[in-house]
Amino acid sequence: MDILSTRGLDLWYGDNQALKHIDMDIPERQVTALIGPSGCGKSTFLKTLNRMNDLVPAVRVEGLVTYRERDIYAPGTDVTWLRRQVGMVFQKPNPFPMSIYDNIAYGPRIHGVRSKARLDDIVERSLKGAAIWDEVKDRLKKSALSLSGGQQQRLCIARALAVEPDVLLMDEATSALDPISTSKIEDLITELKEHYTIIIVTHNMQQATRISDTCAFFLLGELIEFGQTTQMFSMPRDKRTEDYITGRFG
Amino acid sequence: MDALEAKYAAAKRYSETAMGLVFLLCGVLAVAFVLLISAYLILSGLPAIREVGLLDFLFGPVWAPTHKTEPQFGILPFILTSVYGTAGAVAVGVPVGFLTAMFLSKLAPRRLAAVVRTAVDLLSGIPSVVYGLVGMTVLVPAVRRVFRLPSGATLLAAILVLSVMILPSIISVSETALNAVPREYEEASLALGATETETWFRVSAPAASSGIAAAVVLGIGRAIGEAMAIMMVAGNVANMPGLFKSVRFLTTAIASEMSYAGVGSLQRSALYSIALVLFLFIMLINVILNLWFKNKREG
Ligand SMILES: Nc1ncnc2c1ncn2[C@@H]1O[C@H](COP(=O)(O)OP(=O)(O)O)[C@@H](O)[C@H]1O
Ligand SMILES: [Mg+2]
């Protein structure tokens, strides 16, 4: 079952076309990895899926993007609803300058949860879901900025989980982290895919093979190859894919 | 290194040391002025307080320094007027200034923002006597008509004038603070499904809170120290304060009587004492807010 699909997706930043006619079907409850050299449009593609591109002035999107069969660029689409379904974790950990608790409770509060008991419950569940509960349960009232980089990133994942999304977008979410934190987050992603559809951008080929089921290779705004990760890494169909994954360029 | 270069290096070292001394001197000068002013205020302010009695001076409800038989030197009306006037100006000016800053920082199209910013800058350049003049000719009659008062020269008029006067600093300091909020915080909030307004009020504003608090301090400082403009619109009568009464502030009490208080009289030295009280007030506000900042940063 495909949860997100694009058909003929074009995107321009001013006159610069960053995405060229992308057709992609992202399967539900799997990890999909987007790979490709810097500037090929991976982040741009990711941000079309929760319409964070709307924030960029002079951006123009054409083509069709659907989430569970709904055209998310149709006029009248509630972007806040969409972003609640399709959560995002950024490359640089960006917890709010608030307490750990308030970081997690932020989303639910925005969406109308007031009861202290429910918030407590959501905070605990989200932190457990992001495998960071044990490390922070005794200092929920402390500033989130006091955590290490890896902890901050897992906190950001927990914060995203707290609004009960359906899909999680992660843009190079481990590239700013040390190897131990990275492997913790990789383990976490593998666990999370039981309940969530996850799309990651990564520059790390090993990471893509370790944790992704499906893989998409982008080059200069085009989707060159898309398919099963194991197949793509063992028998790439396109010469350019092969060159990239064997490290011959990029 | 040849001789010329060595000479050059020596000259440079020499000028570095000289500049260092100049900087030091300027720093010392600033400290010296503060000490000088404090010492002067304390020395000239204490005698009257000693003569009247501290409690009678601070909490006496009647100021009648030129009464023939029973002169009275209670400054409670001035203290309360200054406190209420400043609080009122902050209560009106801070929300308006904060929302303007939010508008400029987050919402306004660039051209419009530039126009508003220029207007705000001009506002801060207007001399206080001009505020007084406009207040006197426009605001005071308006207050009289709207509230059907015998005279519009009231605490309310003073509060309104003060709130406009503190607006520019509140706007520009808050805007700077809001602009400095990292974009990542706002993106994180939007990506969680918050609207832009929710994001500004729940993420940007708290993240800029220390800057906004600084803006409030500045506003309080300016409001409590202002004399000329409010003297012209507040009626300048030593009443206990009321929104619709003519009132006199700590500052205006000094300014309005200094010119005729006899040299060496108790009245004159009581005016010095008022200056001392005003000075201590401002110090107190600074200390409290500094402590609060520090707590906030550590907490
Ligand atoms: N906000 C933006 N404004 C204008 N151009 C952008 C913006 N973001 C990305 N681009 C351009 O779009 C192209 C794709 O960028 P991006 O999606 O960030 O690539 P990747 O994430 O694969 O490194 C690049 O040429 C980049 O310069
Ligand atoms: Mg990128």
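This is a predicted model: local features need pLDDT of at least 70, side-chain atom pairs count only at pLDDT 80 or more; totals for chains, interfaces and linings use all residues.
1. Confidence. For chain B the mean pLDDT is 92, and 98% of the residues in that chain reach 70 or more. For the complex, the predictor reports an ipTM of 0.94 and a pTM of 0.85.

2. Where the chains meet. Chain A puts 24 residues into the contact and chain B puts in 18 residues. Together, chain A and chain B bury about 1,700 Å², and 66% of that lies on carbon and sulfur atoms.

3. A word on packed helices. Two packed helices are described by the angle between their axes and by the distance between those axes. Keep both in mind for the next points.

4. α6(B) and α9(B). In chain B, helix α6 (residues 155–179) packs with helix α9 (residues 209–225) at an angle of about 155°, and the axes are 8 Å apart. An angle over 145° counts as roughly antiparallel, so α6(B) and α9(B) are roughly antiparallel to each other. Their crossing is right-handed. On the α6(B) side, look for residues including B:Leu162, B:Ile166 and B:Val173; on the α9(B) side, B:Ile212, B:Leu218 and B:Arg222 are among those making the contact. Sorted by class, the contact of α6(B) with α9(B) has 11 nonpolar, four polar and one charged residues.

5. α3(B) and α8(B). Now take helix α3 (residues 76–107) and helix α8 (residues 196–207), again in chain B: their axes come within 12 Å and cross at roughly 100°. That angle makes α3(B) roughly perpendicular to α8(B). From α3(B), B:Phe98, B:Leu99, B:Met102, B:Lys106 and B:Leu107 meet B:Trp200, B:Phe201, B:Ser204 and B:Ala205 of α8(B). The class count for the contact of α3(B) with α8(B) is seven nonpolar, one polar and one charged.

6. α3(B) and α6(B). The axes of α3(B) and α6(B) come within 6 Å and cross at roughly 40°. So how is α3(B) placed relative to α6(B)? At that angle, α3(B) is oblique to α6(B). The crossing of α3(B) and α6(B) is right-handed. Residues in the contact of α3(B) with α6(B) split into 18 nonpolar, 10 polar and two charged.

Conventions:
Residues are numbered from 1 along each chain as its sequence is written. Chains are lettered from A and ligands numbered from 1 in the order in which they are written. Side-chain values use heavy atoms; hydrogens and water are left out. Axes are lines fitted to C-alpha atoms, for helices over the stretch in contact, and angles run from 0 to 180 degrees between N-to-C directions. Helices (H or I, at least four residues) and strands (E, at least two) are DSSP runs, numbered from the N terminus. Angles under 35 degrees count as roughly parallel, over 145 as roughly antiparallel, 65 to 115 as roughly perpendicular and the rest as oblique. A crossing is left-handed if the near helix is turned anticlockwise from the far one by less than a right angle, and right-handed if clockwise. Contact means heavy atoms within 4.5 Å. Ala, Val, Leu, Ile, Met, Phe, Trp, Tyr, Cys and Pro count as nonpolar, Asp, Glu, Lys and Arg as charged, and the others, Gly among them, as polar. pLDDT is the predictor's confidence in each residue, from 0 to 100. Buried area is the accessible area (1.4 Å probe) that two parts lose on being put together, summed over both.
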